[in-house]
Amino acid sequence: SAGKPVIAPGDAGFAETIVDGKTGFLIEPPIEAVVNSVKKLNMDVALSMRDDCEKRAEEFSLKKFINEFDILIKGKLNENIKTIKG
């Protein structure tokens with residue numbers, strides 16, 4: 001959310017949050033991949049990714065989470081009401 005690109009393994013939760021080449025770099029071992037990504041991530045590249053990093057972080061904001069959770073709960077409540085009313 002601070003607009004900083006990330007270098008991370010391309011598995012688990014990282015692949016869900018990082019857009020490769022846009023908000024950082026997803027890498028696979030071996031260590032050469034880490035070295036190459038660090039070499040690519042100079043100040044100019046980091047600054048060019050800043051806006052994308054901040055926009056991507058908004059997808060995981062507390063406000064968005066609460067809104068989506070509210071929609072989910074209301075949908076489930078409506079389903080239950082329809083079931084009860086039959």
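Q: Why does Ser1 count as exposed?
A: Its relative accessibility comes to 82%. The labels work like this: buried is under 20% relative accessible area, exposed is over 50%, and partly exposed is in between, with a 1.4 Å probe and protein chains only as cover. Since 82% is over 50%, Ser1 gets the exposed label. A word of caution: this is a predicted model, where local features need pLDDT of at least 70 and side-chain atom pairs count only at pLDDT 80 or more, while totals for chains, interfaces and linings use all residues. Residues are numbered from 1 along each chain as its sequence is written, and side-chain values use heavy atoms, leaving out hydrogens and water.

Q: Where does Ser1 sit in the chain, and how far is its C-alpha atom from that of Glu54?
A: You'll find Ser1 in the segment before strand E1 (6-9). Strands and helices here are DSSP runs numbered from the N terminus: at least two residues of E for a strand, at least four of H or I for a helix. Ser1 and Glu54 are 53 residues apart along the chain, yet 4.9 Å separates their C-alpha atoms.

Q: How do you know whether Thr23 is buried or exposed?
A: Thr23 has a relative accessible area of 6%, so it's buried. This residue belongs to the loop between helix H1 (14-17) and strand E2 (24-27).

Q: What makes something a pocket rather than a cavity?
A: It comes down to whether the space is open. On a 1 Å grid over the protein atoms alone, a cavity is a set of points where a 1.4 Å probe fits but cannot get out, while a pocket is an open set with protein on both sides within 12 Å along at least five of seven lines. Rolling a probe the size of a water molecule over the atoms shows where empty space is left. The largest pocket here holds about 170 Å³, a volume being the space filled by probe spheres set on the points.

Q: What makes a residue part of the lining, and which ones line the largest pocket?
A: A lining residue has an atom within 4 Å of a point. Among those around the largest pocket are Ser1, Val6, Thr23, Cys53 and Phe60. Helix H3 (residues 43-58) supplies the largest share, three residues. By type, the lining has six nonpolar, four polar and two charged residues.

Q: Why is Leu62 called exposed?
A: Leu62 reaches 61% relative accessibility, and that makes it exposed. It lies in helix H4 (residues 62-85). Leu62 also belongs to a nonpolar surface patch of about 710 Å², along with Phe65, Ile66, Phe69, Leu72, Ile73 and Leu77. To join such a patch, a residue needs over 30% relative accessible area and no salt bridge, and nonpolar side chains are linked within 5 Å (like charges, within 9 Å).

Q: How do you know that Glu59 and Lys64 meet in a salt bridge?
A: Side chains of opposite charge can pair when their charged atoms come close. The cut-off is a side-chain nitrogen of Lys or Arg within 4 Å of a carboxyl oxygen of Asp or Glu. Glu59 and Lys64 come to 2.6 Å, N to O, so the pair qualifies. Glu59 is partly exposed at 41%, and Lys64 is too, at 27%.

Q: What makes Lys76 and Glu79 a salt bridge?
A: Their closest N and O atoms are 3.8 Å apart, which is within 4 Å, so the pair counts. Both lie in helix H4, three residues apart, about one turn of the helix. Lys76 is partly exposed at 45%, and Glu79 is likewise partly exposed at 45%. Elsewhere, salt bridges with shared partners tie Glu59, Lys64 and Glu68 into one network.

Q: How many salt bridges does the structure hold?
A: There are five. One of them joins Lys74 and Asp70 at 3.0 Å, N to O.

Definitions and conventions:
Ala, Val, Leu, Ile, Met, Phe, Trp, Tyr, Cys and Pro count as nonpolar, Asp, Glu, Lys and Arg as charged, and the others, Gly among them, as polar. Accessible areas come from the Shrake-Rupley method with a 1.4 Å probe; for residues, only the protein chains shown count as cover.
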